[in-house]
Amino acid sequence: MRTTTAPRDTTVAPTDPPVTRSRRRRDPAPYLLLSPAVLVLAVVTLAPIGFLVYTSFTDYSQRTLFTGVHSFVGADQYTTLLQNPAFWASLLRTLVFTAAMVAGSVLIGMGVSHLLTRLGRGWRHTVTVVLIVAWAMPNVASSLVWNWLFQPGYGVVNWMLGIFGDTAGLNWAQDPVLAYVVIWLLIVWQAVPFIALTLNAAETQVPHEYKEAARLDGASEFSVYRIVTLRFLRPTLLLVTILSVIWDYNVFNQIWLISRGGPDDATATLGVFTYKTAFVGFKIGNGAAVSVVTTLLLLALTAVYIRNLLKAGEDL
């Protein structure tokens, strides 16, 4: 019996024309969706920054607040600022104190993060809740409580130290070294929870196979952490370090509420120096110049740090 096969249909079904790159670029929908966020950022961020830069080139002062009268003085505010020894002294204090706070926060945060990996589930959840509560506390409230703890007359710390000797005359805020110790402890206490929880989230993702291989090769636990764990933590460690530099460089509330920059401006960092210049001495134009210079220095420090890590082959 002879069979026949139907001829195949060789017609090609019509397809939609491809969407070209130019057509995608002309689509206004993405820009319309982003426009509210861009508008909000422009109003609350770009406009104040622009006004700050403009003010730094004027003689804006207390008189201007009432009359609105001010003059354009060019770079005179920056010239006066760079010739002020108090600015350079506050800058040096800021750099040294920022380095001490970042180093303490990151190192202690790394230790707490690694400790969380060694705790059982119950203790790990308990420590995590405690860290979140400490981190969520407003820094003004915690600074006031911290100031009360270190009060010379009725503070809890002096009372506890009184067991070992007479601490009736120990005034923490009136001694430059002790004031720095109190502020350093407060800022590190506030920063450690975020760093520890962030690093712990990254540390839990380290493959156990690499650790077991290192242990089989005879590596100690410290070597396993240094060779294996830190290698995977470097991107996250870079992130928290940069954030810590930015936050600690701009610390103001804690210093002002505990020592007000004293004694004799011994703890007056750039934040305190800017506040006293602009809102105590009412040299608002000069204070704006300090803010601009401070921002540029912070950007330069961050850029150098990131550039060096990129040269070393780290991925951001």
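**Exercise 1.** Locate Val43 in this predicted model and determine whether Val43 is buried or exposed.

*Solution.* Step 1: Val43 belongs to helix α2, which covers residues 29-55. Step 2: the relative accessibility of Val43 is 53%. Step 3: a residue counts as exposed when its relative accessible area is over 50%. Val43 is therefore classed as exposed.

**Exercise 2.** Identify the residues that make the nonpolar surface patch to which Val43 contributes.

**Exercise 3.** Describe the largest pocket by its volume, its lining and the classes of its residues.

*Solution.* Step 1: the volume is about 550 Å³. Step 2: 23 residues line the largest pocket, and Leu52, Thr274, Gly287, Ser291 and Val292 are the closest to its centre. Step 3: at least two lining residues come from each of α2, α13 (270-280) and α14 (284-311). The largest share belongs to α14, with 8 residues. Step 4: by class, the lining holds 15 nonpolar and 8 polar residues, and no charged ones.

**Exercise 4.** Describe the second largest pocket in the corresponding steps.

*Solution.* Step 1: the second largest pocket has a volume of about 330 Å³. Step 2: its lining consists of 14 residues, with Asn139, Gln190, Ala191, Trp247 and Gln254 nearest the centre. Step 3: two or more lining residues are given by each of α6 (121-136), α9 (176-203) and α11 (221-249). Helix α9 provides the largest share, 4 residues. Step 4: the lining of the second largest pocket comprises 8 nonpolar, 5 polar and 1 charged residues.

Conventions:
Residues are numbered from 1 along each chain as its sequence is written. This is a predicted model: local features need pLDDT of at least 70, side-chain atom pairs count only at pLDDT 80 or more; totals for chains, interfaces and linings use all residues. Side-chain values use heavy atoms; hydrogens and water are left out. Patches are made of residues with over 30% relative accessible area and no salt bridge: like charges are joined within 9 Å, nonpolar side chains (Val, Leu, Ile, Met, Phe, Trp, Tyr) within 5 Å. Accessible areas come from the Shrake-Rupley method with a 1.4 Å probe; for residues, only the protein chains shown count as cover. A salt bridge is a side-chain nitrogen of Lys or Arg within 4 Å of a carboxyl oxygen of Asp or Glu. Buried means under 20% relative accessible area, exposed over 50%, partly exposed in between (1.4 Å probe, protein chains only). On a 1 Å grid over the protein atoms alone, a cavity is a set of points where a 1.4 Å probe fits but cannot get out, and a pocket is an open set with protein on both sides within 12 Å along at least five of seven lines; lining residues have an atom within 4 Å of a point. Grid points are joined across faces, edges and corners, and a volume is the space filled by probe spheres set on the points. Ala, Val, Leu, Ile, Met, Phe, Trp, Tyr, Cys and Pro count as nonpolar, Asp, Glu, Lys and Arg as charged, and the others, Gly among them, as polar.
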